[in-house]
Amino acid sequence: ELRYANTLMRFDFVWLRDHCRSASCYNTKTNQRSLDTASVDLGIKPKAVRVDETTLFLTWPDGHVTRYGLEWLVKNSYEGQKQQVMHPRILWNAEIYRQAQVPSVDCRSFLETDEGLKEFLQNFLLYGIAFVENVTPTKEDTQILAERVSLIRETIYGRMWYFTSDFSRGDTAYTKLALDRHTDTTYFQEPCGIQVFHCLKHEGTGGRTLLVDGFYAAEQVLRQAPDQFELLSKVPLKHEYVENVGDCHNHMIGVGPVLNVYPWNNELYLIRYNNYDRAVINTVPYDVVHRWYAAHRTLTAELRRPENELWVKLKPGKVGLWKLMYFWSREGGRVFLWMCRLVVTKEDASGKLHMLQYSS
């Protein structure tokens, strides 16, 4: 046991030997472990322990010395992780987002300067949505913009694709019907991290996009009905995409709970909520399923509160990016809406911001 910075930490001696950052145990050039973990004696104990104001020193039976900064231990201990947030974010409803006056970033600044990219990524990672203005409305220019953030992920639709109301794919998104709020690719075992939307052409009415902060809604459920939050985070469901249109034949199944949380601190990191794609519920026993429906109803009520709805009109030149944990839906009644769409990985976006912050 070790107490530092008002945190009581407990460490296993094998863990302390395994995480040694000495030159023989850890390669600082590659940031990779050199020590063979399987070679560490599971009954190992240090023969000497010393701690001063900043550092813990352990001398092992073979004479090897391990040094740990106490700040590093607080950050990397289980107890320290329970107190930390992996992904800082600002939860919002429509009024909170409007009052924040989050600026869009000009395309040239976004593409040509680190400051523009950094501003965009900071806002995007905090709020989960962000916009770039004055983008040339072509597929090629949208691709250049997306690759500034991250790698483009290959999907069953391709790397980048157009969609409009022509029912060329077996999905409601390819019709003129309005779409209720949902998250996409719930039928992927690893749902896509970030979506990029660019309206290349629009004739007629409708076509607005609705955005809702799913984290904000889930937080309300956690406060009002923590037992229902827990149920939504632990009951696994199947989501599926079945398509038989033209040459497109797909049947994909993804499994996971509606709310996905880190088990050590209960932090929400992913939401699977799509009433269109949810498969037959056959993974939930009889004595749980009714309670799950009640919990699902509570979350749905929060997502549908008018005060949580942020309506956005995408137009040629305005590109929207949002994480797939943030809900979107689409207004019906449009005459012609030609959209360019792609997905990128969220890990690259976080990593790029870290590098920009480090370099500055």
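Two strands count as paired if DSSP finds at least two bridges between them; helices (H or I, at least four residues) and strands (E, at least two) are DSSP runs, numbered from the N terminus. With that settled, here are my notes on the model.

1. Ground rules. This is a predicted model, in which local features need pLDDT of at least 70 and side-chain atom pairs count only at pLDDT 80 or more, while totals for chains, interfaces and linings use all residues. Residues are numbered from 1 along each chain as its sequence is written, and side-chain values use heavy atoms, with hydrogens and water left out.

2. The chain as a whole. You will find 11 helices and 21 strands in the chain. Of its 360 residues, 50% count as buried (buried is under 20% relative accessible area, exposed over 50%, partly exposed in between, with a 1.4 Å probe and protein chains only). Taking contacts (heavy atoms within 4.5 Å) between residues at least 6 apart in sequence, 74% join residues at least 24 apart.

3. Strands of a sheet pair through backbone hydrogen bonds, either parallel or antiparallel. Here, an open sheet of 3 strands runs in the order S5-S6-S7 with antiparallel pairing. Strand S5 (48-51) and strand S7 (65-69) are the edge strands, each pairing on one side only. On average, neighbouring strands of this sheet are turned by 15 degrees against each other, direction ignored (axes are lines fitted to C-alpha atoms, for helices over the stretch in contact, and angles run from 0 to 180 degrees between N-to-C directions).

4. Its two hairpins. S5 and S6 make a hairpin with 3 residues between them, and their antiparallel pairing covers 4 bridges. Valine 51 stands opposite leucine 56 in S6. S6 and S7 make a hairpin too, with 5 residues between them, and glycine 63 in that turn has a positive phi of about 95 degrees. S6 and S7 are joined by 5 bridges, and leucine 58 has threonine 66 in S7 as its bridge partner. S6 is mostly covered, with 4 of its 5 residues buried.

5. The nonpolar cores. In soluble globular proteins, nonpolar side chains tend to be buried together. A nonpolar core here is a set of buried Ala, Val, Leu, Ile, Met, Phe, Trp, Tyr and Cys residues joined through side-chain atoms within 4.5 Å. The largest has 24 residues, of which Val258, Leu259, Trp292 and Leu299 touch the most other members. Elements giving two or more residues to this core include strand S13 (209-212), helix H8 (214-224), helix H9 (226-234) and helix H10 (286-303). H10 supplies the largest share, 5 residues. A second, separate core of 22 residues includes Leu117, Ala130, Ile194 and Leu356.

6. Valine 258 up close. Leaving aside neighbours within four places in sequence, valine 258 is in contact with residues including Leu232, Leu237, Ile271, Tyr273, Trp292 and Leu299.

7. Helix H7. Within H7 (residues 139-149), the buried residues are Thr142, Leu145, Ala146, Arg148 and Val149. Seen down the axis of H7, these fall within an arc of 150 degrees, so they line one face of the helix (the arc is that of the directions from the helix axis to the C-beta atoms).

8. Histidine 239. This residue is found in strand S14 (residues 237-245) and counts as buried at 1% relative accessibility.

9. Cysteines. A search of the whole structure finds 0 disulfides (a disulfide is a pair of cysteine sulfur atoms within 2.5 Å). For cysteine 25, the nearest cysteine sulfur, that of cysteine 20, is 3.9 Å away. Cysteine 25 counts as buried at 2% relative accessibility, and cysteine 192 at 1%. Cysteine 199, in strand S12, is buried at 0%. The C-alpha atoms of cysteine 199 and proline 137 are separated by 7.5 Å, though these residues are 62 apart along the chain.

10. Positive phi values. Most residues other than glycine have a negative phi. Threonine 185 has a positive phi of about 50 degrees; it lies in the loop between strand S11 (179-182) and strand S12 (194-203) and is buried at 7% relative accessibility. Asparagine 266, with phi near 65 degrees, lies in the loop between S16 and S17 and counts as partly exposed at 40%.
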